[in-house]
Amino acid sequence: MNYKSDVMSTGTVTTPVKTKAPGEGLFSAKNRKLIYDPLNDNNPITVQVLGICSALAVTVKMKPSIVMAISVVVVCACSNLIISMIRNSIPNRVRIIVQLTVVAGMVIIVDQFLKAFVFDVSKQLSVFVGLIITNCIIMGRLEAYAMSNKPWPSFLDGIGNGLGYGLILIIVSIVRELFGSGELMGTRIIPESVYDMGYFNNSLVIMPPMALIIVGVIIWIQRSRNRKLIESK
Amino acid sequence: MHKDSNKATLLFSSGMVVVIAIMLSVTAIALAPYQAKNIRIEKMRNILTSVSIDAKFKDAENLFEKYIVKQVVLNNKGEEVSGSTTAFDIDLKKEMDKAKTGNQDKQLFPLFVCRKEGKSLYIIPVRGKGLWGPIWGYIAVEGDMNTVYGVSLGHKSETPGLGAEIETEKFQDEFTGKKIFDESGKFVSVKVIKGGTDPSNPHGVDAVSGATVTSDGVTEMFERTLGNYIPYFKKSKQ
């Protein structure tokens, strides 16, 4: 189903781009759909179930999750853009290696920036920034979308998918930080008086398995509200 | 020339590698000063952690100025050396390498003197090998040059959940109050003991289960590095 929907969305988007009338807006309905779609109907985490590993690892606190989300948006959008620009000259036999090299280059650049400007967060994220390279969302978008579409729609597609990933990351991290440490962005939310009344931080929420459970709950809620996602028997 | 021909594939690949390499080097060089500054601040924070001062990233520099009253450079006889480098700028790895090439008499050992709550604490940087990469840290001893006031440990790439646990407060707190000399004044260092040890053991702490190599690395690191300071300890023992 996922595969099908991918092909479908690729198909519906490429046709109008080719026959695009001169002067069609940069944010036409089709282009806007590239950003909205991954946020809900085609979310990389909850619908395509990609990129779960890093979603479990970095969502204990909100701050690293936000930084991770931004990093993935930047890497996904830029590598989509670059691959799309050179898509017609990439030799078919080495295309995966070319994609990988571009993604790896982008990730290293992002990592260098994090080390220079948000050092403490970069330390918390440690290897997971490097592991963006192996995030299947990015390679998936390059292969499924950027290789066959023009630069601008590809760029938007990258932003959309990065945001779709980041959105889930941030939701999970809000739940985990709030119930795991009683804080949000490092500021205490649950007042001391509640603790005095016998409330405890739930340490299970800090553990990686809980992130999986939260993602599961998000998938459940999303499917119960979004009829399109329910498979026909 | 068709884009899928061998020649085009080769040309494209080599061209791409060069372009990416240039991009990476430009970024690395441009950001190096910012990163170097962060690493300095991080080092100050680690030093302060060993004396239980929790410095935030922003005020680490000020707190370092306030608490670290003196930086000392020692030679292998325990004498203070007044040279051009400060203790902070000594590259411990280079100094350790000198021992391997038989240049022990040229080795320099950094020491930081901290003044906290009316007590003088002596902070010693240590460096050793873990399972996957280097481990390092700072150990603070009290004025008797024997009792451990606190340690802070770091690592490059130990296994999360196993070796990486040396970075946790739980493990590091075990070191507080341990002794590095036994009653007769013999140097024994503090050992990380596999299988657990009685908390009253003055020279041993409980190892992290499943992290044998890292634990042995920590033991070796303290033993070897502190060993270099014995002449100084003996001289300045009150």
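Begin by selecting residues 6-49 of chain B: that is helix H1, which bends by about 50 degrees at B:Ala32, with a proline, B:Pro33, following within four residues. The bend at a residue is the angle between axes fitted to the seven residues ending there and the seven starting there. Helices (H or I, at least four residues) and strands (E, at least two) are DSSP runs, numbered from the N terminus.

A quick word on what you're looking at: this is a predicted model, where local features need pLDDT of at least 70, side-chain atom pairs count only at pLDDT 80 or more, and totals for chains, interfaces and linings use all residues. Residues are numbered from 1 along each chain as its sequence is written, while chains are lettered from A and ligands numbered from 1 in the order in which they are written.

Stay on H1(B). Which of its residues are buried? Pick out B:Met44, B:Arg45, B:Ile47, B:Leu48 and B:Thr49. Buried means that 20 or more other C-beta atoms, placed from the backbone, lie within 10 Å of a residue's own. Now show what covers them: the cover includes helix H2 (60-67) and strands E1 (68-74) and E2 (109-116) of chain B, among others.

Zoom out to the whole of chain B. You'll find six helices and seven strands, and the C-alpha trace spans about 85 × 45 × 40 Å along its principal axes. Of its 238 residues, 30% count as buried.

Next, bring in chain A. Here 18 residues of chain B are in contact with 18 residues of chain A, contact meaning that two C-beta atoms, placed from the backbone, lie within 7 Å. Chain B's side of this meeting has 10 nonpolar, five polar and three charged residues. Nonpolar covers Ala, Val, Leu, Ile, Met, Phe, Trp, Tyr, Cys and Pro, charged covers Asp, Glu, Lys and Arg, and the others, Gly among them, are polar.

Chain A itself has 12 helices and two strands. Just after H9(A), A:Gly182 takes a positive phi of about 70 degrees.

Last stop: colour chain A by pLDDT, the predictor's confidence in each residue, from 0 to 100. Confidence is lowest in helix H1 (residues 2-18) of chain A, at a mean of 44, and highest in helix H4 (residues 62-85) of chain A, at 92.

Key. Buried ≥ 20, exposed ≤ 12 C-beta atoms within 10 Å, placed from the backbone.
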